[in-house]
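Work through the following exercises with the sequence and the coordinates side by side. Each task is followed by a solution that goes step by step.

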Amino acid sequence: MRLNRIGLTSNIILLGGLLIIIGCSRPDTNATSNSTAIATDTSLYELNNKDLLKKPVTINRAHGDHYAAVDIRDMKFNPETVMVNKGDTIEWMNDDLTAHCITESGKHWTSGPIASGASWVKVISENADYYCAIHLVMKGHIGVR
Amino acid sequence: MKKNILIVALILFSTFGFAQKKSAKLTDPEIASVAVTANQIDINAAQLAQQKSKDQEILNFAKTMIADHQSVIDKATALVTKLNVTPKDNSVSKSLNANAAKMTKSLNAKSGKAFDRAYVNNEVAYHKAVIAAVKNTLIPDAQNAELKSLLQSVMPVLKTHLQHAQMVQKMLK
């Protein structure tokens with residue numbers, strides 16, 4: 001009886017923990033009008049670290065697996081032009097000292113501020129020029145093959 | 001031509017209080033103090049711009065300056081805490097504050113477009129001076145590798161700020 005109760009309690013804790021992890025893993029829902037295009041597939045995230053709740057979400061997928069990464073470092077998007085297939089996911093990782101954002105040149109969508117050490121993902125459906133609305137001189141391009 | 005560029009650079013360097021004799025090498029605690037002071041001065045100027053300007057480009061630029069320079073201060077504070085270094089006031093940081101006070105007084109006396117132009121002109125000149133000081137004095141003088149690395153990583157931020165300020169400067173003309 002006591003063992004059963006412990007088992008039930010453990011399951012509740014595990015379930016609660018899982019729900020919290022999934023909740024924290026979701027991409028920024030504050031993105032503007034085109035937010036439906038943002039990846040919501042939580043399987044993209046590898047939840048293998050107890051400290052995950054305290055750290056920015058990290059995607060460890062290999063390049064080319066319907067996924068491409070853009071590193072934001074030294075106030076530049078690296079690479080400046082990223083080529084993907086329609087439906088692929090791009091992750092922008094902010095490895096800079098300051099916050100940045102990814103804003104489509106026509107302002108149809110934006111990531112909102114991405115803090116230093118954090119990242120943002122979006123499923124790509126079409127070509128786009130983008131810039132950082134915080135630092136107007138930072139520009140990038142997404143090309144769909 | 002080269003001589004003229006050198007003269008202009010020296011004027012900028014000394015105007016903002018970065019003038020430093022070659023022999024007087026800064027220690028790491030002094031560099032930490034200069035770094036925090038230089039960032040705080042630009043935050044203060046941006047806060048003044050937020051109070052006095054109505055121009056959206058100026059307001060956006062000022063917002064970025066506050067966020068970015070606060071971020072650098074936070075990183076520098078975290079590093080000196082980790083290294084157990086106490087920032088030490090010195091002739092350069094004192095000179096920076098004294099010159100910033102004069103600049104604030106001058107900006108405060110202006111309003112409207114005159115203020116906007118004076119603020120952004122000052123931002124262009126200030127960032128040029130800070131870039132020169134970080135590159136030629138703070139980075140070479142820094143002894144601790146992590147402090148040197150932090151200063152090196154600040155350089156692209158400062159250069160982007162300069163480009164941004166120059167862009168706003170052109171928009172105001």
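**Exercise 1.** Determine in which loop of chain A Pro79(A) is placed, and which residue is joined to Pro79(A) by a cis peptide bond.

*Solution.* Begin with the secondary structure, where strands (E, at least two residues) are DSSP runs, as are helices (H or I, at least four residues), and both are numbered from the N terminus. On this basis Pro79(A) falls in the loop between β2 (76-78) and β3 (81-84) of chain A. Next, inspect the bond between Asn78(A) and Pro79(A), which is cis, with omega about 0°. Finally, turn to the loop between β1 (67-73) and β2 of chain A, where Asp74(A) is placed; the phi of Asp74(A) is near 55°, a positive value in a residue other than glycine.

The model is predicted, so that local features need pLDDT of at least 70 and side-chain atom pairs count only at pLDDT 80 or more, while totals for chains, interfaces and linings use all residues. Residues are numbered from 1 along each chain as its sequence is written, chains are lettered from A and ligands numbered from 1 in the order in which they are written, and side-chain values use heavy atoms, with hydrogens and water left out.

**Exercise 2.** Describe the interface of chain A and chain B by its contacts, its buried area and its polar pairs.

*Solution.* Taking contact as heavy atoms within 4.5 Å, 9 residues of chain A meet 15 residues of chain B. The buried area (accessible area, 1.4 Å probe, lost by two parts on being put together, summed over both) is about 1,100 Å², and carbon and sulfur atoms give 71% of this area. The side of chain A that touches chain B consists, by class, of 5 nonpolar, 3 polar and 1 charged residues; here Ala, Val, Leu, Ile, Met, Phe, Trp, Tyr, Cys and Pro count as nonpolar, Asp, Glu, Lys and Arg as charged, and the others, Gly among them, as polar.

Technical notes:
Polar contact = N/O pair within 3.5 Å; in protein donor to acceptor, adjacent residues only side chain to side chain.
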